[in-house]
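User: I have not looked at this one before. Can you walk me through it?

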Amino acid sequence: MIFPGEYRIQHNVSAWKTFWNQDRIRNLTETMKRITEEIGFTSDAFNPFLTSLSQPQLPDKTAMDIPEECLNFLGISLNKNQDKWIQFSTLSRGSAYQSGVFYDELKSDGKIFDPAFFSQRFSHFLFVTFIKITVVIGIGITLMLFFYFLDVQLTLISMLPVIFALISTLGTLNIIGHPLDIPILMLSIMVIGTGIEYAVFFVISYQRYGDATHPSFVVVRIALFMIAGTTLTGLGGLSVADHILLRSVGLISLLGIGYSFIGSFLLVPPLIEYVYKKRNLKQPVLTDTRKRVLYRYQNMETYIRMFVRCKMKWDSLFDELPKLLDMFQDVHRIMDIGCGYGIPACWLLETYPHAHIYGIEPDIERVYVASRAVGHRGHIECGYAPNIPQFESVADLAIMVDVVYYLTDTAFLLTLQRIHESLKNEGCLVMRVTTCPPKKPSWLFRLQDIQFKLKKIPVYYRSIDQIQTIIQQTNFTVQSIDQSHSLDHFFWIVCKPR
């Protein structure tokens, strides 16, 4: 070292004393005296040198000052704040140079910049970050889709275009020699979201319309095509930009969104059709009426499937209604007033294999769901009681579940009269009515009452005597009145035409 510091001075002195021990100094002194006399020097000619071996001269200061003229030569200068000295040194790599080992050994002594090693480390960091982002987002989206669809097969189908897009994009980038960079990391989230969006639209459309030939399904497909086209045109145009960052943004957008679009259009439809076809071929157990009803809703939206499942499990209707209908075996025409999603209608169709059902429901959305559920064995119209449409023929059985409290006295009376006109003389009307709420209503009743108030739906609760009085004004005779086993204010009323 030319200008050693305090630590280096002490280290050098210690090393000097360790090397020049008494034995070495004595041997060197004897050898020097013998040789100097032989070549003509006096015996004390090298005494100052020999003395310095045992008594080295130390500098007066603990550290040697570097002359100002040598600072630039040594790459030494003050930092921006003018309070610390820094030194910049350039090193040449040898044939045995190992960047990782060199960095680990000297990183505590200063800052080391090796361009090749920095590029290698940065590329590895970007790759690891990309994998972490992909895994975390992938797990999050998979869980979100699963809880949205509650269907493992549809969840995997929705994720497939994203997986296809990621693999294809990374493969294409590798082929063209484009490295992973920061814009790719930033836009990978957008590519994943866009790919999921296309796939989810397709899956929901199949759940909604059931068939790719449905006219509305064609509209969805055209809309997705236009969305993808405009996105690719806008972001893909950046792929020919002069700036490297903009060009990278355009390239990843073009590849990622393009592959997502291709995967959604080419992979999702055939897979969903295959899954639905396989499900439709798997018939439920014939003796299990509940499973056969659920089977009719298996390819519909999640909310509808869960609503039907909960209704079948917790509503006592499906335990009590069979007992009331034991006496009716030969039923071919059924009329359902206020059919809702068609759950009781489907239960009746499964109970009476040769029956055909006609229903009315004021909610157009429920009409659509009920029509899909009953299929070719039923006809559901949008309408309000007492505006009951004229059906093809008179019915053997009419049901009206949880409808009476929506009707005024006049509407209820008129509804009964029109049902009587559409019912055979030996037919039967089965109603489940809700009477006046008890003094301490259940939480379910309170929740339903709040819902009615928020939607501003008027309800008309009556006592069982008031309901009987209205029925007696029509051509119906009350055959039986049974209280529901689940709730005290639910009653089953069976009526026969006079």
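User: How do helix 6 and helix 10 run relative to each other, roughly parallel or roughly antiparallel?
Analyst: This is a predicted model. In it, the axes of helix 6 and helix 10 (residues 268-281) cross at roughly 165 degrees. An angle over 145 degrees counts as roughly antiparallel, and helix 6 and helix 10 are therefore roughly antiparallel to each other. Their axes come within 10 Å.

User: Which residues meet there?
Analyst: From helix 6, Gln153, Leu154, Ile157, Leu160 and Pro161. They meet Val268, Leu271, Ile272, Val275, Tyr276 and Arg279 of helix 10. By type, the residues of this contact are nine nonpolar, one polar and one charged.

User: And helix 5 with helix 6, what is the angle?
Analyst: Helix 5 (residues 115-149) packs on helix 6 (residues 152-176) at about 155 degrees, and the axes are 8 Å apart. That angle makes helix 5 roughly antiparallel to helix 6. The crossing is right-handed.

User: What sits in the loop between helix 5 and helix 6?
Analyst: Leucine 150 lies in that loop. Leucine 150 has a positive phi of about 50 degrees, although it is not a glycine. Most residues other than glycine have a negative phi. Leucine 150 is partly exposed, at 36% relative accessible area.

User: Where else is there a positive phi in a residue other than glycine?
Analyst: At aspartate 402, where phi is near 55 degrees. Aspartate 402 is in the loop between strand 6 and helix 16 (409-421).

User: Is aspartate 402 buried or exposed?
Analyst: Buried, with a relative accessible area of 16%.

User: New topic. How many residues does the largest nonpolar core have?
Analyst: It has 38 residues, and Tyr297, Leu325, Leu348, Tyr352, Leu397 and Val430 have the most contacts inside it. Helix 14 gives the largest share of this core, six residues.

User: What does leucine 397 touch?
Analyst: Leaving out residues up to four places away in sequence, leucine 397 touches residues including Leu325, Val331, Ile334, Leu348, Tyr352 and Val430. Arg333 is also one of its contacts.

User: Last one: which residues does the cis peptide bond join?
Analyst: Alanine 385 and proline 386, with omega about 10 degrees. Most peptide bonds are trans. Proline 386 lies in the loop between strand 5 (378-382) and strand 6.

Definitions and conventions. Residues are numbered from 1 along each chain as its sequence is written. This is a predicted model: local features need pLDDT of at least 70, side-chain atom pairs count only at pLDDT 80 or more; totals for chains, interfaces and linings use all residues. Side-chain values use heavy atoms; hydrogens and water are left out. Axes are lines fitted to C-alpha atoms, for helices over the stretch in contact, and angles run from 0 to 180 degrees between N-to-C directions. Helices (H or I, at least four residues) and strands (E, at least two) are DSSP runs, numbered from the N terminus. Angles under 35 degrees count as roughly parallel, over 145 as roughly antiparallel, 65 to 115 as roughly perpendicular and the rest as oblique. A crossing is left-handed if the near helix is turned anticlockwise from the far one by less than a right angle, and right-handed if clockwise. A nonpolar core is a set of buried Ala, Val, Leu, Ile, Met, Phe, Trp, Tyr and Cys residues joined through side-chain atoms within 4.5 Å. Buried means under 20% relative accessible area, exposed over 50%, partly exposed in between (1.4 Å probe, protein chains only). Contact means heavy atoms within 4.5 Å. Ala, Val, Leu, Ile, Met, Phe, Trp, Tyr, Cys and Pro count as nonpolar, Asp, Glu, Lys and Arg as charged, and the others, Gly among them, as polar.
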